[in-house]
Each structure stands twice: as structure tokens, then as C-alpha cells.
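Visitor: Hi, I'm new to this one. Could you show it to me and walk me through a few parts?
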Amino acid sequence: MRTLRIGLLTCPLGLALTAGTAIAAGTPDTGRRVALVIGNQNYQYVEPLENPLNDTEEITRVLRQADFDVTVGHNLDKKELEQVVRRFLRELTDGDTALFYYSGHALQVGDANFILPVDAKLQSQYDLEFESLKISHLLDYMKAASSLQIVMLDACRDNPFEIGSLFWGEEEYALGKTRGLRRIPNKLGSFISYATRPGQVAYDGEGPMSPFTTSIVSNALDPNLEIKDLMTKVRDEVVRKTGGQQIPYEDSTLVTSFYFVPPKPKPIVAAHHRVNVPLDSQAFKLNIPEPVQPEGGALQAKVTLSPEKGELKLPGGKPVAEGAVLSAAELASLEFVPSGSSAGDVELIGYEVTDEWGGTVSAIASITVAQATAPAEEPEQEQGDDQAEQLQALLAWLETRADTGVVEADIGVGPVPVYPEAPENGLPATSDWLKVVSVDADLQLSADGRLLQAGDRFPANALKSLTVRPQIGSQSRAASFVLELPAIATGADKTVTQVVQPRVTQCDALASQPFDLQAVTEGRLANELESAEVDTACAEAMTAYPEIGRFVFQRGRGAFAAGDLDKAVDYFERAYQMGHVRAGQVLGRMYFLGAGIDRDREKAVELYRKAAERGDAYALHSLGMAEIKGEGTAQNEKTGLEKLLQSVEAGHTFSYNAIGGFYLKGEHVGESVDRAVYYFNRSAAREDIYGYLNMGTLYRDGKGVPQDYEAALGWFRKAHDGGHPAAGTSIGLMYFNGNGVEKSDAEATRWFRESAQRGDAWGAYNTAWMLGKQSGEAAGRDRVRMLAMAVAVNPSSPAAEKAKNELGQAQKTLKSKVLQQVLTDLGFEPGPVDGQPGRKTREALSAFFDTSGRSPVSGDEALVAVVKHQWEQTRPRYDLF
């Protein structure tokens, strides 16, 4: 034992505290824990429920104690449900554990389960697609953005709606009084729990919470219960409470263990405390630094080794022997009486500190017995005084900083330092700790990378590492956290309150795209962007946060809106390489259209597919359309329609109008004019320019609604004012036919030309057709250019096919003159515009292809290429297609 003691004495001074190692090893999880909690109780059209709000309040409390960043939704209507789900999926960008808890009405339809918002009516057979959320879709999106998924459904009740059947796509499902929920197909890595068995109903219970949720809340924070063991206990309790009428059920494909209580950091102790004791001392206080559990748990210290000579005592004289168990405060108050000792003796005290979760750390204190107070002690005392002064100065600075300044924290940029300028001045880890008294729910507080909750502690020297991470959507109000300062330094309990103002960057405010799952706001439509302002704001954001692809993508949106396609492609490619999902979808769209980049529809579909897996609504729409039409991928109308329905579920009106158009014409689905009207009405109700256009078409043609030219023109003008490329064509047709307005070829041509310039192929073709009625070379050349424009803007459209045929039959001289004129306008000097292309024209065309980066072509294709390039110089809104 003596040999062991001598060996321990050789420990270097660098082992004074175990703080850094213990905290860093606090949890093996590398990712965040992110949860979505929804409670729908106050239903507007069916019987309200009793417990969901209480259920979600308690579940939220438990999850936050378990270090989850929780997005909460109460009594959500459909639009609010869409927004809350998007907020959750946005938080999941770097989350490794994703949890979804739902309490409210849900419905089993066919082989799927659907969450119902509080404004669900389900009066029409077509309502399900617009008034629900398919749970399996949400689970798929969670799986694409996390490594472990947990779903908890307290929604197993009878169908409360009277409707006899509902459509999901082309399938009609009979309902009747369906009971409970179906089992959700479970892919690897997920845990799904239901309040009761599939096809059975759960009970609200007689208390403030349901039996299922009550049992989860009561047991989830037991650190010894792995999730499968937790649910076994929940099932046992619920079965007993309900007399066997309700049997909770779970379906696990987990390949790892999960505990709601994260692993705790070990206690922080002085690994080797050194002290000199005068030989003539009666009871010398050893000043062993008091151990600390950073997360606030109770501690006890067991004396594992007592001095060979001398005695250990507590204040008041109570002796302490080997094997004694002390509180942390008692350990810090230990005294030593050097009875029987001689000057120069070295005595050791060994002790083991254990917290309430079983974390254990061993440490020693070495006592050197001296004849009198050793001079060597003075520098140590001076050093201690210096550290105390540094600590006092740091805390005084903290009080002043908290009193005088609000911390502004940008949302969606990761943890934001709170006190990066804190004057720590090399202050070492000590027993002086700050305690978190409270932290608002919209903030995640961390120090040294460890999440902090009320009751947790962190060392004063970690103040510079303190960060906040504001939750998405929290910018409308200030938040705060409260810290308790160490009493040993202040002489009394004292707290400071730090106010934090979450904020959205200007780049996000000006240029977020709707439904972007990596954005932090709901976004702006393409026709609402101010490109110059976007460029300035996003350039600043890129400088401040060069690692965040979202700002690069949004700057690309500004360039796209300005018509600078080369810059847009560059920004989108950079953002995509940085992991921004929507950038891939937009790049895919550019490849699909051949907008500023060579057309490659297979590559486009590949990009769509990657973004669709994450639940990106735009990508789901684009991929669905490609699959339905077999463009860039094998045709599969069934899977394509399912993608569009997922996009509808997310609230993306592009898909509302696409599906409505299919039902109107009987393309890819059975014809149903009533259903088409229903889809278009839903789109227009969301103030969508495409819905406006389609409603105008219905009223113009009297399809599904009474024919009303005045109403039709009103809808078309609303669509045109919003920037719709084809609205001018529709208005032009009304002037051409004299529908509700005075017939006028001039007005018709003006509207057609305006739509052509916006990129509508039918607008260009109709302009060419009108010009074909005129005589003279100028009209002939203009007609040829508009035919080429119709092919250029959308080569796969029916208008382009007609234009291509007529362009092939046009006079070669006229086509050559148009080619020469456009090359001249673009600055390539093809020689005289005489319709006789020679060497200079060929050289100019070759220079055009070299300069523009387009693949060289000849004949009519060359004419289309130069016309398209000239049109793109006018910076058309490709992003409106």
C-alpha cells in the first residue's frame, strides 16, 4: 500500500480536474435529438377530444428533459399542420434521432393511416387528399434525414366522420365505422408504438391524460429503461388500468438501443488535491474542492483510503473512518488532525464519488505534514488569490453584459456564441460553477458542446463556449435564460438573466423558397423576388456563414429571377455540393428545361429523386410529372400520381393544378370534371396564379361551372398580374374570339406576344399564326422568329411541335435573314442581312456557339438556338414554370 501511495504522488499537476474529459464523454450520440409533438383536441366538425393538449404538454416536458429539441403544435388546421411539419423537418437537417408523437383524431383508410387537422370536414369524397397527413409519408421523410426514428401514436379511436367512402388518388375506399389504426410498414431503424393493437380503439381515460400517455410520461425518464423495456412496462400498466381492454402495441426494427435519458457526464472532482498541514495543527481544513455533477444530481463520496497517521474529522469533531460515506459538502469540509505524524510525512486520502445515475470517479488528496507553514505555500496562496480575482472579474463582466445587452442569434446557422468575448484570461477549471436556473423552450443552451437544462451546471471557465440555438419560427419574440452565479465568489446567491433575440437573416427573409425543407421561413414565390436586394443580402450571409449552402442557393434564386442563368447555375451547383436539397431540384428543373444549361432529362430526374426522398414538395411534383409522362424515366402513372399526391398533401399548388388538369381532360386518370373543379378551387383559395388561370379556363369554357366570360377574364387578369406566363395567351384568345370583349386582332396579338416573351410556347405560336395573316417581309420575318421562339421556350410542348413543322416549311431566305439579324443583334457580325449566308455568317455562328457554350447545331436547330439565347438575354422568369 505504501508503494501504491508513492506511485500516486507522482501524478502530474495537469490532472487537477477531470472536468474536460468527463463532459466530452457525456453522451455517445453524435447527433441531435429532434421531436415533433402534435395535439389536436378542439375539432370543428366532429366531437372534440378531452386529453390531447394535456398529453402533449406532459410529453413535451419529458422530451425536453431528455434533451430533445421539440417542435410543438396544438389544435392545428391543415395549413398550420403543413407549416409545423415543415418546421420539424427543417430542424432534422442534422438530427440523428427523430421522434414524432401525436394525440388526436386519425383515420384508417385502405392500408394507410392519416392524421386529421382540427378543420377537417371530410364531407366530400375528395377531401382526404387536402385535409390529412399520411403518417407513412412523414416517417419516410424522417428516415431520410435521421438515423433513428421513433413514432408514438395516441390516436387509435373510432372513425368520427359520417362519410361512407373516400378517394386517395384513383382508389375509392369504403369506410363505415372503421376502428383504430393499421400497422404502418416499418423499415429498418425505426420504432413505432401505438396506444393499442391495430384495428382496436384506445381510451381517453378518466384522468387529465390518456392511460397510454400517462404511463409513458411516468416511466420514460427511468435511466434503466431501454425503449423496448419501457414499452413493455407501459403495456403492463395500461392493460391493468383498462382491465385488459386496451393493449399497447409496438413494432421495432431498431438495431441499436435507445434510452430517453441520455448518458450523464460523470461527476467532476479534483483528481489530486495537494495540501500542506502544520504539524502543530489541531484541526486543519483540507479545502478539498467540492465535487459537482454537471446535471445537478445528488452526489455521495465514499472514503476508500484513510491516512496511516493522523485523523480525519468533520467540523464539530465527528471522526471519519475508511469506508465512511459523506455528502459532497461534507467531503469539502473535511479536517485533518496530524496526531502521531512527524514533519515530512506524506499522508493520502482516497475517495470515490458516485452520482445518482451510477457515474463514479475516484480521486486522492495528498497531505504533507510540515514543521510550520511552509514558504512554498505562499506562491500557491497567491495563485489562488489571483484566480479568485479573475473569477470575480469574470462574473462582474457577466452581470454587466447581461444587464446591458441583448444577444442577437440568427436562426438556422447552428449554435450561436453568447459570450465569445468573455474575459476568461486563462482561468482554469475550478470548483466554481454556474448553474442554469431556467432556459426558454425556444432556445437550446450548450456549453463545451453539452446541452444544458434547468438544474445543470458548467464551469465558469467555459463561459466563452456558451452557445444558444434558437428554434426555427421563434423570431417573433425574445427569449431568455437565467444563470445562478457561484456563491463562493459572490458571497450570496445571485442570478443573471440574459435576453436573446432570435432573428432571420435578410437573405432568408427575402429569398427563402416555399416548401424548402432547409429554409427557416415559409418563403417567397418566384414572382415576389427583388433580385438586386436578394443578391446584396445573400452575399452578406455567405460571408458571415460560408459553410451554409442555404444562403448560396438563395443567392442563386436572386440570379435566376434576374435572368442571369450562368450565375444561377453556378450558385445552385455550389449549394447542391454543400448539401442543400432544394438546389438539386432546381438544377434538375434547369436540366429538364434546358434553361442556361444543356437539356438532360435523365439527369434532371436523378436530381428530382434525391430531393423527393427528403420530402421536398417541389421535387415530388417534378418527379411525379416526369414519371406520369415518362420523360427522363420509365413511364409509371401510378407511382407518379402518388408523388403528386404527396406534394398536394404538403400544400404545393403546382400539383393541385396538374392533377386537376388530368381529371379535366381524362389524361392519365379517369375523366372527372367535378374533381377537376374541386382541385382548381383549392388552388385558387391559396391565392395561386396557376389556380387563377385554371379557374378562368373553366368559366370561359363553362366546364363544371356556368359559362361566364366576365368571371373568366377576371381570373385571367389575376393570373397575369401575378406573373403567370400563359395568362396573356388566354386573354388574347378572348379578344381573338370576342368572348365577353370586343373582338380585336391587334389586342389578341399584343397579349399573345406578351405571353411569348414570358416564355409561353402557345403565346409564341399564336403570335406567329396572327402574323401569318399579314403580308410583307417584316411580318414574314417576325413570324419565323416567333415560330423559332415557340420551339425554343418549350421544345416538348404541342405548340412547339406545330411550330417546328411550320418552321420547316418556311422560306429559307426568310429563315436565313432572321438568323443573320439575331446574330447581328447579339454582336457576332455575320455580314449583311441578305438571306444569303456565306463564310462570315458561318464564322459568326461558330463564334456564337463557342461563346455561349451551346452545342453546335445547324439548320433550323441553329436558328432556334440563337433565338433562344437572345430571348434569355431579356432575363425571362424561368422560375415561374
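Here are some questions and answers about the chain, from the whole down to single residues.

Visitor: Before we dig in, where do the values come from?
Guide: This is a predicted model, where local features need pLDDT of at least 70, side-chain atom pairs count only at pLDDT 80 or more, and totals for chains, interfaces and linings use all residues. Residues are numbered from 1 along each chain as its sequence is written, and side-chain values use heavy atoms, leaving out hydrogens and water.

Visitor: How many helices and strands are in the protein chain?
Guide: Both are DSSP runs numbered from the N terminus, helices being H or I with at least four residues and strands E with at least two. By that rule, the protein chain has 30 helices and 29 strands.

Visitor: What share of the residues is buried?
Guide: Buried means under 20% relative accessible area, exposed over 50%, and partly exposed in between, with a 1.4 Å probe and protein chains only. The C-alpha atoms fill a box of roughly 125 × 75 × 45 Å along the principal axes. Of the 881 residues in the chain, the buried share is 55%.

Visitor: Which strands stand at the edges of the open sheet of five strands?
Guide: Strands pair if DSSP finds at least two bridges between them. The order in this sheet is β21-β29-β28-β23-β26, with mixed pairing. Each edge strand has a single partner, so one side of it lacks a neighbour in the sheet; the two are β21 (407–410) and β26 (457–459).

Visitor: And inside that sheet, which residue is the bridge partner of Val482 in β29?
Guide: Strand β28 (residues 479–485) runs antiparallel to β29 (residues 494–503), and seven bridges join them. Across from Val482, the partner in β29 is Thr497.

Visitor: Let's move to β4 and β5. Which residue in their hairpin takes a positive phi?
Guide: β4 (residues 106–109) and β5 pair in the antiparallel sense over four bridges, and Gln108 has Asn113 as its bridge partner. Two residues lie between the strands, and the one with a positive phi, near 60 degrees, is Gly110.

Visitor: What covers the buried residues of α23?
Guide: Helix α23 (residues 727–737) is mostly covered, with nine of its eleven residues buried. Among them are Ile731, Met734, Tyr735 and Phe736. The cover includes α21 (689–701), α22 (709–721), α24 (745–758) and α25 (761–771).

Visitor: Is Phe848 buried or exposed?
Guide: Phe848 sits in helix α29 (residues 839–852). Contact means heavy atoms within 4.5 Å, and, leaving aside neighbours within four places in sequence, Phe848 touches residues including Leu823, Phe828, Val866 and His869. Because its relative accessible area is 0%, Phe848 counts as buried.
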